[in-house]
Protein chains: 2
Amino acid sequence: MKNENSPGIKEIAKLAGVSIGTIDRVLHNRPGVSEKTKEKVLKIIQQTGYKKNVLASRLKLAATRKIQIACLIPEIKDESSYWKLPQYGINKAVEELKEQGISVSYYYFNSFDPRSFKEQSNEILKMEYDAVVSVPFFKTESDLFLQKLEEAEIAVVFLDSRQELNFKANFINQDSFKAGQVAGRLLEGLLKGNGLYFVINILNERGIQVNNLQREQGFRAYFAEKASQSQNDIYTINLPFDDHVDLQEVIPKLIERKEPKGIFVTNARSFRLLDLLKDYQESELYLVGFDLNVQNLAYLKADKIQFLINQKPEYQGYAAVKGLYKYLTSQDHTELNIDIPVDIIVKENAEFYMNGHMTP
Amino acid sequence: MKNENSPGIKEIAKLAGVSIGTIDRVLHNRPGVSEKTKEKVLKIIQQTGYKKNVLASRLKLAATRKIQIACLIPEIKDESSYWKLPQYGINKAVEELKEQGISVSYYYFNSFDPRSFKEQSNEILKMEYDAVVSVPFFKTESDLFLQKLEEAEIAVVFLDSRQELNFKANFINQDSFKAGQVAGRLLEGLLKGNGLYFVINILNERGIQVNNLQREQGFRAYFAEKASQSQNDIYTINLPFDDHVDLQEVIPKLIERKEPKGIFVTNARSFRLLDLLKDYQESELYLVGFDLNVQNLAYLKADKIQFLINQKPEYQGYAAVKGLYKYLTSQDHTELNIDIPVDIIVKENAEFYMNGHMTP
DNA sequence: CTGAAAGCGCTTACAG
DNA sequence: CTGAAAGCGCTTACAG
């Protein structure tokens, strides 16, 4: 028996004096219903507050027409690749929803090559996916993809970073500006305004990533609000990604000055900097970085990194699939945009945030 | 059509040469099946790796027999009560699973009165609930309840705190010892071993709560591992919960010593201490507390509290219901025990963890 | 002890 | 343009 406060399709049909087939046509905007009937049915749906039973709907559709999701993310080069984490979350969500009829296909692009993104996105457009999960590294190409997806009425969620795009998009990612502010707070607590601050952007083949820049801006904004802190004592260093960097040349200030130092590394590679610094006698040094990769965790355990900021990459992927499922089955788009918390990690709580921990 | 890698009940029936009714009887351990048939069916279920389709199962059962959960938590005295938060999460999960056929009934006990817990738990036992969510404040009474629930084969999950109970129980809560260690780390970063540490236990009518004690132990354990820190410089103060405490009398050390101070308040009432300290000229003072209540948040915003530790109370409730649903429908108990992350909150990231944010 | 049939609420292919 | 019927996979009440 149906719950008294939520009528079913049968009830609606009876009230409208038509068959359930017609109700279904109206609900799905399928052709073949007279304007008059349609209006009458819609009115009754309104009045009764009818809500589709997704369970029943999926029971039928899981067997006949799966929800198909395409996922376009950067290549996964090795086991410790960052992109394994969103993928883990995506797979977990798909596993949980398997019974409901859902499947995912992966496409990979080269993070340094916009053309590979374009190629792969075209492959996706050839097929008839219901939804797409991707990463908006390349502005122009993302916009083009977005436009075509919109034309084809295919839902899309972007993970990891936020770009200003010309077409409206859904984002599940961390606000990098806020993350930078949090980093400012943490380093200030350790230094007490008594020392020098360094923002280290470790560049890649394409220069600096957009969210690294946003993190730096947030960091500086934090100190700009404090009258006590001179902006002159915050040095930005753009460190080329190169195995044979001579720190003596690139960052003499970091090497030579003897004051306590607060270092904010704006991407996942804080371990790189610490690798390089190994050869130098260091003065008092505090470091805040991003992401729980094995190298960073080793330095965290060794008290060389004081804080890491976590972006919940697994959860981003997980939430994207769950959100898309909810949208596709219930027209509910509220979970397609999520501002991921800025998790603060220290040695003593790191374990909770690893291994695909999926708490929000 | 069924997915080829997961046979349905029909397929099993055909392979066993019996009807689907018989399969169902075997699956649910219902009487009326000959030993021989049962064995044959079980063997085929084994071989094929049959998994019940929960979707189909719930579609039928949602209409005929709901999953009924009883929730026994402390009284909610006002809008800002801590217990509103788990309740919010419980309600959210029930809302999400409504279609699957689930309902919750609340029972409340007085946190200072074990008898009220006992009374209410007896009320619950009179009804035929499928599962219980509760809080193990009282050891003896919790054990008794647990025993009776076990006899009646009713699943139970405890939230908030962990007690050593005689009967096996499921817990979704934060490890208070670890939370104390994190607090130690945070205060040490701010003080740099240069000052005094205070652990403040704010007592209630029944003295100190078990998890407050565990937090203190974790805090002290953190410093015990550091050779550099003298345990003598960590003072424990048990502060009676009383509106007219004279701090001058109760904690002269905190008032009179002029060194920088690191204060760890082991429960949600750090705001109480700060209220009381208002009347004194304070030396440099750093505070780590628990929970994002409005009073604490106001002090956090005012830079009087440096860090708050969050226990994700909403998520605890949410996860309990989700975990119980999964257990009751799929015999999967993996989500009935969750070690909640020790979230570190500062002024700049607090917003993410409020308002029933449900990320893990 | 076992089977055949009806039903959960929605979807679809077919008939008219 | 509309309806009647079959079916998704599982559960249950009834018949034998």
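This is a predicted model: local features need pLDDT of at least 70, side-chain atom pairs count only at pLDDT 80 or more; totals for chains, interfaces and linings use all residues.

**Entry 1: a helix pair**

I began with helix α1 (residues 9-16) of chain A and helix α2 (residues 20-27) of chain A, whose axes come within 8 Å and cross at roughly 105°. An angle of 65 to 115 degrees counts as roughly perpendicular, so I noted α1(A) as roughly perpendicular to α2(A).

Next I looked up who meets whom: α1(A) brings A:I9, A:K10, A:I12 and A:A13, and α2(A) answers with A:I20, A:I23 and A:D24. By type, the residues of this contact are five nonpolar, two charged and no polar.

**Entry 2: domains**

I then checked the domain assignment of chain A, which gives domain 1 as 9-51, domain 2 as 62-160 + 313-340 and domain 3 as 176-310. Between the C-alpha centres of domain 1 of chain A and domain 2 of chain A I have 34 Å.

**Entry 3: where the chains meet**

How many residues of chain A are in contact with chain B? I find 37, and they touch 35 residues of chain B. On the chain A side, α4 (54-64), α8 (176-191), β11 (338-340) and β12 (343-345) each supply at least two residues. The most come from α4(A), with seven. I sorted that side of chain A into 19 nonpolar, eight polar and 10 charged residues.

**Entry 4: symmetry**

Last, I looked up how the copies superpose: a rotation of 180° with 0.0 Å of shift along its axis puts chain A on chain B, at an RMSD of 0.0 Å. The two copies are therefore related as by a two-fold rotation axis. The same surface serves both, as 95% of the contact residues of chain A recur in chain B.

Notes
Residues are numbered from 1 along each chain as its sequence is written. Chains are lettered from A and ligands numbered from 1 in the order in which they are written. Two residues are in contact if their C-beta atoms, placed from the backbone, lie within 7 Å. Helices (H or I, at least four residues) and strands (E, at least two) are DSSP runs, numbered from the N terminus. Ala, Val, Leu, Ile, Met, Phe, Trp, Tyr, Cys and Pro count as nonpolar, Asp, Glu, Lys and Arg as charged, and the others, Gly among them, as polar. Copies are superposed by least squares on the C-alpha atoms of residues with pLDDT of at least 70 in both. Domain bounds come from an automatic or database domain assignment. Axes are lines fitted to C-alpha atoms, for helices over the stretch in contact, and angles run from 0 to 180 degrees between N-to-C directions. Angles under 35 degrees count as roughly parallel, over 145 as roughly antiparallel, 65 to 115 as roughly perpendicular and the rest as oblique.
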